[in-house]
Amino acid sequence: MGDTRLLQRSHEVERFDTPELHALLADMHDTMHALDGAGLAAPQIGVGLRVVVFGMARNPRYPQAEPVPYTVLINPVLTALNDNLEDGWEGCLSVPGMRGLVPRHTDLRYEGFDQYGNRIDRFVSGFHARVVQHECDHLDGILYPMRIRDLRAFGFHDVLFPDQPLQDD
Ligand code: NI
């Protein structure tokens, strides 16, 4: 946070299934897993393209959260399915050590493409919907602290959740 590349609108990917795109996705996959994140957007590693990855196995940190399949999502279009918003705690690899309470749409359709240019079209809810909204915000230069409605619900992970091991994003 503070790097102006995180505040730009990223550009659409125009060519799929290229060596450059596959190399970017390998980098993003490795970075996300090395840092134990639930998702990563290309601008977080300095690449201004509309590419996100996300996915999570069952996680004790989110006991109610359904597992999210590992997904590559390019040029995403998000559509909220209703007006329901829900607050939930978020972190971000670009805002290490912090957590904030962020409202997100509970029910979401997302469309886009995988790295081969195959269409993706899913209807999701809950944690899956939250992760997608968080990651796609990065493509529009939005970091989650910008969405916190009450900054009293923003702080250090270790202070807010002393019993939980630190894990970002
Ligand atoms: Ni993030």
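A residue is called buried when its relative accessible area is under 20%, exposed when that area is over 50%, and partly exposed in between (1.4 Å probe, protein chains only). By that rule Cys136 is buried, with a relative accessible area of 7%. This is a predicted model, in which local features need pLDDT of at least 70 and side-chain atom pairs count only at pLDDT 80 or more, while totals for chains, interfaces and linings use all residues. Residues are numbered from 1 along each chain as its sequence is written, and side-chain values use heavy atoms, with hydrogens and water left out.

- Helices (H or I, at least four residues) and strands (E, at least two) are DSSP runs numbered from the N terminus, and two strands pair if DSSP finds at least two bridges between them.
- Three strands form an open sheet in the order E4-E5-E8, with antiparallel pairing; strand E4 (85-90) and strand E8 (154-156) stand at its edges with a single partner strand each, so one side of each is left without a neighbour in the sheet.
- Strand E5 (residues 98-105) is joined to E8 by three bridges, and Gly100 stands opposite Phe154 in E8.
- Helix H2 (residues 126-138) lies across E4 and E5, running at about 105 degrees to E5, where contact means heavy atoms within 4.5 Å and angles, from 0 to 180 degrees, are taken between the N-to-C directions of lines fitted to C-alpha atoms, for helices over the stretch in contact.
- H2 is mostly covered, since twelve of its 13 residues are buried, including Phe127 and Val131.

**Cysteines**

- Zero disulfides are found in a search of the whole structure, a disulfide being a pair of cysteine sulfur atoms within 2.5 Å.
- Cys136 is in no disulfide, and the nearest cysteine sulfur, that of Cys92, is 13 Å away.
- Cys92 is buried, with a relative accessible area of 0%.

**Salt bridges**

- A salt bridge is a side-chain nitrogen of Lys or Arg within 4 Å of a carboxyl oxygen of Asp or Glu, and by this rule the count comes to 13.
- The side chains of Glu90 and Arg130 meet in a salt bridge (2.8 Å, N to O); Glu90 lies in strand E4 and Arg130 in helix H2, so the pair ties together parts that are 40 residues apart in sequence.
- Arg147 forms a salt bridge with Asp137, the closest N and O atoms being 2.5 Å apart; Arg147 counts as partly exposed at 34% relative accessibility, whereas Asp137 counts as buried at 9%.
- Glu90, Arg104, Arg130, Asp137 and Arg147 are linked in a network of salt bridges.
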